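This report goes through one structure for a reader who has not seen it before.

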Amino acid sequence: MALGQQSPAIALGPLDGRYRPQASALVDHLSEAALNRERVHVEVEWFIHLCERRALPGLDPLTAEQQAGLRALVTGFDAASVAELAELEAVTVHDVKAVEYFIARRMPELGLEHLTPLVHFACTSEDINNLAYALGIKDAVQNVWLPSARGLVAAVSTMAREAKATPMLSHTHGQPATPTTLGKELAVFAHRLDRQLQRVAGTEFLGKLNGATGTFAAHTAAAPDTDWPAVSRTFVTGLGLTWNPLTTQIESHDWQAELYADVSRFNRILHNLCTDVWSYISIGYFQQIPVEGATGSSTMPHKVNPIRFENAEANAEISCSLLDTLAATLVTSRWQRDLTDSSSQRNIGVAFGHSLLAISNVVKGLERLDVAEATLAEDLDGNWEVLGEAVQTAMRAEAIAGREGMDNPYERLKDLTRGHRVDADRMREFIAGLGLSEQTAQRLSALTPGGYTGLAEELVDTYGL
């Protein structure tokens, strides 16, 4: 028997197989079953809303019991509901029509048989789908992705505060440069990531309900005296979405493209964090705490591979590629409608799943790191030439103040430091021979690479999260 016929646990994709525990929270919001539940939700609420607004002659608000019975189709949506919808779709060969029939079957038991024609009234499939997707994406972002991403940012921010005063040699262009603190560098990532979270949190989730080509034509043909734009607006906003008044058959998906661009940018900043941490591990600035019993390398016992960060890099890249494709594809539809979005949107959960997996791996990777302060200090002490910036800048300041003998400060420090290793004695000897004011000479002579971190600690305190 083929593997795919043996067990649902043998999955084609890693998010439903190996990594399901990390991505499973999205299933309740972005799976096919969740989409169908949200379709039922939209259909039910539209039915209730039409009655509440008396949108058609002869309609009256439903009783509390009838409303509760309809909404129970959503809260009680289960595996049996999924199976029944699958059976209906096998006949209709249309997923939204199957939802309509699924609800219509329940009308007699709710005492609403006479209102069966009101199910899916004046709706095109996209009226239901765009709202169902918007609700699912909104819930997934607000209840799953954002909490996980915020947890990651909090972890980076905590590390930044703990290491705010830990001096570290910078490496611009891969070469020793002006020292910083480890905490300040981590705070940069926390700040960058948090900006993207604020953008994601401010997402406007749009929805429309206006018929086959966005004109309310069927609505006005049936009930010309009803203010259909008002009915549509109150319905969409009542779902917790922003009403889009002007569309073709489809809601234009621009808000989705905006959201996916922000999440992609978060992923890419996270990827940058991974590559930096990976590099710091490789030069010994971080030590990885071994997991008891775990194998670091299959053949080299001394190694603890930084697999969490490498895994996160790969998953961030996969997420970005999907999100970028969705953003590019969804904003285009031929004339009033084509179905490219139907296939594309079924990958939204996959895109968020890989991002969620990247976030999870980074959080776990950060938990297993120790700062190698001795290595950081040793590297700083081996690179006294980085103080050349401080000395030549102080010389410039003294020249501006009118002090003699401060000519060509950059060139003089270049001659001292470029291509040469400079130790503490050589640097202090050079400073003593410059003719600086006594106060400046004393300040520079007392300076060490580990003490040349400027306002790094204060920046973390003031502007860190």
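## Cysteines

The structure contains zero disulfides, a disulfide being a pair of cysteine sulfur atoms within 2.5 Å. The model is predicted: local features need pLDDT of at least 70, side-chain atom pairs count only at pLDDT 80 or more, and totals for chains, interfaces and linings use all residues. Residues are numbered from 1 along each chain as its sequence is written, and side-chain values use heavy atoms, with hydrogens and water left out.

C123 is buried, with a relative accessible area of 14%; buried means under 20% relative accessible area, exposed over 50%, and partly exposed in between, with a 1.4 Å probe and protein chains only. For C320, the closest cysteine sulfur is in C274, 11 Å away and again too far for a bond. C320 is buried at 4% relative accessibility.

## The cavity

The structure has one cavity of 30 Å³ or more. On a 1 Å grid over the protein atoms alone, a cavity is a set of points where a 1.4 Å probe fits but cannot get out, while a pocket is an open set with protein on both sides within 12 Å along at least five of seven lines; lining residues have an atom within 4 Å of a point. Grid points are joined across faces, edges and corners, and a volume is the space filled by probe spheres set on the points. The volume of the largest cavity is about 40 Å³.

Its lining is made up of E185, L186, F189, L273, D276, V277, Y280 and F286. Both α8 (182-201) and α11 (254-282) supply at least two residues of this lining, and α11 has the largest share, four residues. Helices (H or I, at least four residues) and strands (E, at least two) are DSSP runs, numbered from the N terminus. By type, the lining has six nonpolar, no polar and two charged residues. Here Ala, Val, Leu, Ile, Met, Phe, Trp, Tyr, Cys and Pro count as nonpolar, Asp, Glu, Lys and Arg as charged, and the others, Gly among them, as polar.

## The largest pocket

The largest pocket holds about 450 Å³ of space. It is lined by 26 residues, of which D16, L30, S31, G349 and V350 are the closest to its centre. Helices that each supply at least two lining residues include α3 (32-52) and α7 (125-162), but α14 gives the most, with five residues. The lining divides into 12 nonpolar, nine polar and five charged residues.

Where does the largest pocket lie relative to domain 1 and domain 2? Domain 1 (29-121) and domain 2 (126-290 + 303-372) both give residues to the lining, so the pocket lies between them.

## Domains and annotation

Besides domain 1 and domain 2, the assignment gives domain 3 (383-455); such bounds come from an automatic or database domain assignment. The centres of domain 1 and domain 3, taken over C-alpha atoms, are 77 Å apart.

An unreviewed UniProt entry annotates residues 333-453 as "domain: Adenylosuccinate lyase PurB C-terminal". Over residues 333-453 the chain is 61% helix and 2% strand, with 54 Å between the end C-alpha atoms.

## A loop residue

I250 sits in the loop between β4 (242-243) and α11. I250 is buried, at a relative accessible area of 4%.

Key. UniProt positions renumbered as here; feature names shortened; annotations may be inferred.
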